[in-house]
Amino acid sequence: MIKLHRLGRISFRSVRRTRGYVAERRHTSWLYISRLAATREYAALQRLYPAGVSVPKPIAQNRHAIVMSAIEGNLLSDCNFFSNPSRILNSVIENVKKAYTEAQMIHADLSEYNVLITPKLKILIIDWPQWISSNHPNWRLYLERDLKNILYFFERKFGIKEDLSRAVAKVIG
Ligand SMILES: Nc1ncnc2c1ncn2[C@@H]1O[C@H](COP(=O)(O)OP(=O)(O)O)[C@@H](O)[C@H]1O
Ligand SMILES: [Mg+2]
């Protein structure tokens with residue numbers, strides 16, 4: 001699976017049409033930012049994968065592209081039924097904990113749109129370019145937001161009520 005980072009490409013196009021000089025600089029900055037995001041995500045996978053966090057296996061990175069193992073599965077957001085949804089929720093929390101404790105990393109954009117589920121119900125957390133260190137001054141805010149998104153999804157779709165403070169305690173405890 002090849003992921004191409006293309007941040008802000010649309011806005012770059014519209015700027016280019018209307019302004020001449022800025023266009024060149026915008027172009028440079030689009031490539032630069034996209035490359036930065038790709039580098040950052042690749043470095044994240046290289047740290048998470050050996051730490052045992054369930055993420056795609058990093059294979060290569062060049063410019064704004066990263067290559068990782070392709071996962072056969074669905075986005076969590078597309079899943080409407082599990083025979084044991086609590087087990088899936090626990091497995092997501094377990095991996096958030098592993099990232100936090102084994103790799104000192106917080107995803108910072110976690111939601112049902114960045115979790116893949118295989119046909120055998122293994123979960124993988126994807127889309128890491130914006131990760132933050134567990135030493136970040138606002139780490140708790142980001143961790144809570146990540147968990148809140150996931151808990152809200154499981155409550156809304158599967159009626160599972162899990163306390164945010166309990167989930168946070170599971171991760172950092
Ligand atoms: N390793 C992978 N294997 C299979 N599909 C993937 C993989 N990584 C991402 N995808 C698919 O590509 C979509 C976008 O990837 P993601 O990393 O979330 O980027 P973004 O949300 O920034 O566009 C995901 O929702 C998922 O459907
Ligand atoms: Mg995503």
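## Exposure and model basis

A residue counts as buried if 20 or more other C-beta atoms lie within 10 Å of its own, exposed if 12 or fewer, and partly exposed in between, with C-beta atoms placed from the backbone. Leu121 is partly exposed, because 14 other C-beta atoms lie within 10 Å.

This is a predicted model: local features need pLDDT of at least 70, side-chain atom pairs count only at pLDDT 80 or more, and totals for chains, interfaces and linings use all residues. Residues are numbered from 1 along each chain as its sequence is written, while chains are lettered from A and ligands numbered from 1 in the order in which they are written.

## Helix α3

Helices (H or I, at least four residues) and strands (E, at least two) are DSSP runs, numbered from the N terminus. Helix α3 covers residues 85-103, 19 residues in all. From first C-alpha to last it reaches 26 Å, close to the 27 Å expected at 1.5 Å a residue. That expected span is 1.5 Å times one less than the number of residues.

The buried residues of α3 are Ile88, Leu89, Val92, Ile93, Asn95, Val96, Ala99 and Ala103. Seen down the axis, they fall within an arc of 150 degrees, so they line one face of the helix. The arc is that of the directions from the helix axis to the C-beta atoms. An α-helix has 3.6 residues a turn, so residues three or four places apart point the same way. Turned away from the buried side of α3 are the exposed residues Ser86 and Arg87.

## Strands and hairpin

Two strands pair if DSSP finds at least two bridges between them. Three strands form an open sheet in the order β4-β6-β7, with antiparallel pairing. Its edge strands are β4 (74-75) and β7 (123-125), each pairing on one side only. Three bridges join β6 (residues 115-117) to β7. Val115 has Ile125 as its bridge partner in β7.

Strand β2 (residues 58-62) runs antiparallel to β3 (residues 65-68), joined by four bridges. Asn62 has Ala65 as its bridge partner in β3. β2 and β3 form a hairpin with two residues between them.

## Positive phi and a helix contact

Most residues other than glycine have a negative phi. Gln104 follows α3 and has a positive phi near 55 degrees. Gln104 sits in the loop between α3 and β5 (105-106). Gln104 is partly exposed, with 15 other C-beta atoms within 10 Å. Leu121 lies in the loop between β6 and β7. Its phi is positive, about 70 degrees.

Lys157 is in helix α4 (residues 139-158). Lys157 counts as partly exposed, with 16 C-beta neighbours inside 10 Å. The C-alpha atoms of Lys157 and Pro85 are 9.6 Å apart, although 72 residues separate them along the chain.
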